[in-house]
Amino acid sequence: MHVPDGFFNAAVSISAGAVAATGVAFCLRGARRELDDRTAPMAGLVAAFIFAVQMLNFPVAAGTSGHLLGGTLAAILVGPHTAVLCVAVVLLVQGFFFADGGLTALGVNITLMGIVAVVAGWAVFRLITKASRGRGAVVAASFVAALISVPVSAVTFALLFWVGGTAPIEVSTVAAAMGGVHVLIGIGEGLITAVTVSTVLAVRPDLVYGARGLAAPLVLRGADGEAVVTGEPRAQGAPRRIGWFLPAGVLVAALLAGIVSFYASSSPDGLERVAEDKGFSGQAADHALADQPLADYGEAGDIPVGLAGLVGVGVTLAVGGGLFFAVRRRSRGEASARDEVSA
Amino acid sequence: MGAGHQHQLYRAGDTLVHRLPPQCKLAAVAAFALVVVATPREWLWVFCLYAALLAGAAAVARVPPGFVLRRMAVEIPFVVFAVALPFIGLGERVSLLGVSLSAEGLWSAWNILAKATLGVAASVLLAATTEPRLMLLGAQRLRLPPLLVQIAMFMLRYMDVIVDEMRRMRVARESRGFTARDVRHIPVVAKSAGALFIRSYERGERVHLAMLSRGYSGSMPVIQDLSASSRQWLVAGMLPGVALVALLGTWGLA
């Protein structure tokens, strides 16, 4: 899925670049929280790990094989901020040192495979682990999160393609084809991610960021049989205040977008309408290939609309949330600086 | 969806292009890629000129054409997509050799092929003439966040170590008669990935402690002087400069 130069027009390339830069800047702050002073060496190591893992080809069905994207795996193992950074660095290195993925498309690539995949995967993972605790839940959540993250980023690709692609293809065709293939790849990704996470959980549970709350507290027993509990297990991630609010908000927004746009699309079909209004849908019916299998994807047009709504919510939340956090952090930093000056 | 990358592209040499400071080359290639993407697809001769510019740069850097062409294989998945475009594209249709093709699809196939090829060729030339470490230092001079550059540096250093570790695990699997043929084999591959993560993470922690005990304080010392003279900027700027002049010139004529 490394998009080359010339695939998207200049406007989309540049705005995706801006989104990617904002996201990476936000994650640079967050990664310091996740890895403290070891940020650079350990994030570099995880990036190298993702790079290596992407070389693992796994059989999807007879004759075809996919390879891991690794964004969700990294998010569960080392935390979402570090994961976005690692994927971004992997893409940078692939773009500059291996000429894989165009330089002007770097923003698009980082947005799709870094930000969208990791945010979608991590949101799903948190939702599930919030609902039920325990090792089994972590492993199951890894599977679902990785499974969902892959088609979500594929459908986002289709959405971007609709906005600023350089080829005249119906967005539903692209979305259905990309989504369909990537659901298959997503199943493989989910299986590998889940088994990898459970392997690491079995050996070094402290290395799994997504399972931080699960470690049992250390109990010291003296000679007289008196037990002393030391070292409370570290509390789960995000600040408590917005701990439940964020996943709930995401869920409500996702439900609204998914269900509402699904119903909206069962009547005239919103996206098709827009496409016609814009004047680039047109002659779908007089295709010479209208009876070919590819043409059937138009039938599946309903589902991508719902998915596209979900994806839109995800992207907006990511961008808006990123800006919000950046602004809030800055204003708080300035306030504390002012306090210090006045004190 | 290209699979793994086995070999780095760097090709040692001592030519004018090799000696240019990395930040000049990075900026030049990025600007060139932007100019290429901004060119309207109908201006065929401008694309020929871009290709000639790249060929000239390759000749100066003494990078043989075969080297560039072989390394351009990463583009292939998108070539397949571009070839399919005329068949599945929308819009006015033209008949060519009895096959009905979309005119719009043909144009966009050309658009993607030409721009992607030029972009990949420029990137291959950049990677072939610039040492990876220097390229990152150049990126830092171009105001890329230092933390990001550090992460990329560590990644470059750990990459071969981890890929080697993985290869040893694969050899061990295969010498016991295992090949992944089936979906049922995914757990085996995944357990290898888990073991790889634990091994490399623990190794990374040991290396980090060793670095701390040797005085690592959060940034690597830069020994080389990477400042670029205005003459070097001018030489590097010739690639995007000529391309831009051609683009604007055609714009003026049109």
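Mentor: Helices (H or I, at least four residues) and strands (E, at least two) are DSSP runs, numbered from the N terminus, and by that rule chain A holds ten helices and four strands. This is a predicted model, in which local features need pLDDT of at least 70, side-chain atom pairs count only at pLDDT 80 or more, and totals for chains, interfaces and linings use all residues. Residues are numbered from 1 along each chain as its sequence is written, while chains are lettered from A and ligands numbered from 1 in the order in which they are written.

Trainee: Which pattern does chain A follow along the sequence?

Mentor: Read in that direction, the pattern is α-α-β-β-α-α-α-α-α-β-β-α-α-α.

Trainee: Is B:Ala190 buried or exposed?

Mentor: A residue is buried if 20 or more other C-beta atoms, placed from the backbone, lie within 10 Å of its own, exposed if 12 or fewer, and partly exposed in between. B:Ala190, which belongs to helix α9 (residues 186-213) of chain B, counts as buried because it has 25 C-beta neighbours inside 10 Å.

Trainee: Which residues does B:Ala190 touch?

Mentor: Two residues are in contact if their C-beta atoms, placed from the backbone, lie within 7 Å; leaving aside residues up to four places away in sequence, B:Ala190 touches A:Leu191, A:Ile192, A:Val195 and A:Thr196.

Trainee: What should helix α2 of chain B span?

Mentor: The expected span is 1.5 Å times one less than the number of residues, so the 17 residues of helix α2 (residues 22-38) of chain B should span 24 Å, which agrees with the 24 Å between its end C-alpha atoms. Of the 17 residues of α2(B), 14 are buried.
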